[in-house]
Amino acid sequence: MPHDQHPAQAEAVEAPALPAPEPDGTPTGVWSTGTGRGADGALRVAGLDVRDLAREHGTPAYVLDEADLRARARAYATAFAEAFAPEAGLAGADVYYAGKAFLSVAVARWVHEEGLRVDTATGGELAVALRAGVPGAGIGLHGNNKSDAELVTALEHGVGRIVVDSLPEIDRVAAVAERLGVVAPVMVRVTTGVHAGGHQFIATAHEDQKFGLSLTSGAARKAVDEILARPGLDLIGLHSHIGSQILDLAGFAVAARAVLGLRAEVAAQTGHLMPEVDLGGGYGIAYTGHEGPAPTPAQIATTLADVVRRTCAELGTPVPRISVEPGRSIVGPSTLTLYTVGTVKEVALDDGGRRTYVSVDGGMSDNIRPALYEAEYSAALASRGSAAEPVRARVVGKHCESGDIVVHGVALPGDVRDGDLLAVPATGAYGRSMASNYNLVPRPPVLAVRDGAARVLVRRETIEDLLALDEG
Ligand code: LLP
């Protein structure tokens with residue numbers, strides 16, 4: 001295979017060329033709630049014309065609709081508070097925003113203001129959450145290979161939980177806790193064997209992967225016993241995360257039953273009833289509008305509340321406090337990426353048809369997901385309306401790889417041309433957070449828009465930023 005050939009291309013998979021659902025208020029979930037078209041056909045977000053955003057801030061740029069993100073965070077907080085209320089026979093719930101999807105100081109502050117806690121997985125994410133003023137007690141720390149420095153920072157700031165991912169980590173956390181003279185609140189990450197999610201690299205709870213401690217092999221139980229034997233560790237609960245971009249809630253129920261079972265077994269055999277259970281994140285969203293409905297926070301909360309209530313009744317154990325860790329479903333739909341179109345090229349296809357390649361000024365450096373997971377996206381002409389006959393288009397980036405694809409297949413107006421703005425919706429999760437400097441392309445800014453005003457959350461990287469790291 002030539003070095004620049006994407007493996008998926010060998011199979012010449014034909015993606016359907018469907019137009020983006022129009023941002024006209026139809027609740028497809030693909031566009032943020034503040035996105036629509038102005039009278040002249042140009043896209044507007046939160047009262048701002050994207051042409052003005054492009055003029056002032058350049059492209060590519062991630063445009064984040066603050067009200068949309070806040071509303072999704074608030075919907076989670078409300079739905080879980082209601083579904084897990086004591087009046088509903090449950091013991092309350094906490095929602096942790098998974099910062100890996102996208103974290104900046106402002107976003108951490110907003111989700112905290114909307115009643116969420118913050119889930120971090122590295123020292124970097126932890127530092128941003130702390131800088132935002134999120135109290136340590138409202139922060140969780142994950143990671144399959146946490147460094148001592150990360151553990152020290154977490155325990156010095158009194159994080160609410162450290163999620164233990166391996167047996168050797170138990171000794172490490174205990175040693176750091178002892179050194180600092182604190183008791184570390186820990187959870188055990190349990191792999192339940194439930195395999196869910198769109199792509200193998202995103203699925204995390206089957207056996208042959210690096211995360212967590214297996215339930216079936218007895219490793220999870222061993223971790224529990226080892227933690228209980230250490231006075232410097234406080235075992236507050238069990239944790240399960242089964243994957244990401246999951247649209248069907250059935251897998252969460254199976255995993256919940258498995259961890260609740262282990263909790264009951266531990267209580268019966270050791271007398272230690274863990275007060276909490278975390279059921280992870282992973283709720284899917286709409287990227288193209290054609291993937292079927294995404295679960296709402298209320299549907300997720302009531303489904304989980306139901307299974308927790310029933311399972312604990314069957315097991316005869318008191319209900320735990322529940323937590324979840326959604327990332328993508330809070331930030332993903334809030335953001336679109338704004339690109340400027342450069343080269344437009346038409347190619348002949350083997351089937352006799354034609355495809356229009358629309359090159360934009362970004363690509364796999366600002367959205368690696370199509371290349372990494374064959375993720376599907378949509379796109380729409382943003383700087384104007386057009387009544388031109390649609391053509392079968394593929395949106396590609398400016399990088400030196402044929403796998404540098406932004407949108408595999410989408411119907412775009414046939415008059416799309418150099419200088420047009422193109423918007424790709426639902427890029428808020430794992431877009432900027434997985435962005436790279438491939439081909440030494442500076443990473444785009446994140447612009448928050450609200451009530452007709454834009455604010456830079458993360459500024460555009462410059463060539464000078466890149467050169468500043470190069471010691472020459
Ligand atoms: N909690 C844990 C322990 C996780 O590992 C993850 C995601 C989440 C919560 C949040 O999941 P979410 O609600 O965002 O699906 N880069 C991939 C996704 C990797 C997810 C890793 N873990 C992608 O772009 O699809």
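Me: How much area is buried between domain 1 and domain 2, and what share do carbon and sulfur atoms give?
Reply: Buried area is what two parts lose in accessible area on being put together, summed over both. In this predicted model, that area is about 1800 Å² for domain 1 and domain 2. Carbon and sulfur atoms give 66% of it.

Me: Which elements supply the side of domain 1 that touches domain 2?
Reply: Among them are helix H12 (369–373), strand E20 (446–450) and strand E21 (453–458). Each supplies at least two residues. In total, 25 residues of domain 1 are in contact with 19 residues of domain 2.

Me: Where do Arg72 and Asp68 lie?
Reply: Both lie in helix H3 (residues 66–83). They are four residues apart, about one turn of the helix. Asp68 is buried at 2% relative accessible area, whereas Arg72 is partly exposed at 22%.

Me: Which parts does the pair of Arg70 and Glu114 tie together?
Reply: Arg70 and Glu114 meet in a salt bridge of 2.8 Å, N to O. Arg70 is in helix H3, and Glu114 is in the loop between helix H4 (105–113) and strand E6 (117–120), so the pair joins parts 44 residues apart in sequence. Arg70 is buried at 13%, and Glu114 is buried at 13%.

Me: What other partner has Glu114?
Reply: Arg74 forms a salt bridge with Glu114 at 3.0 Å. Arg74 also lies in helix H3, so this pair ties together parts 40 residues apart in sequence. Arg74 is partly exposed, at 40%. A network of salt bridges links Arg70, Arg74 and Glu114 with Glu66, Glu113, Arg450 and Asp451.

Me: Is Cys400 buried or exposed?
Reply: Exposed means over 50% relative accessible area. Cys400 has 54%, so Cys400 counts as exposed. Cys400 sits in the loop between strand E17 (390–396) and strand E18 (405–413). UniProt, in an unreviewed entry, lists Cys400 for "active site".

Terms used: Residues are numbered from 1 along each chain as its sequence is written. This is a predicted model: local features need pLDDT of at least 70, side-chain atom pairs count only at pLDDT 80 or more; totals for chains, interfaces and linings use all residues. Side-chain values use heavy atoms; hydrogens and water are left out. UniProt positions are given in the numbering used here, feature names are shortened, and annotations may be inferred rather than shown by experiment. Buried means under 20% relative accessible area, exposed over 50%, partly exposed in between (1.4 Å probe, protein chains only). Contact means heavy atoms within 4.5 Å. Buried area is the accessible area (1.4 Å probe) that two parts lose on being put together, summed over both. A salt bridge is a side-chain nitrogen of Lys or Arg within 4 Å of a carboxyl oxygen of Asp or Glu.
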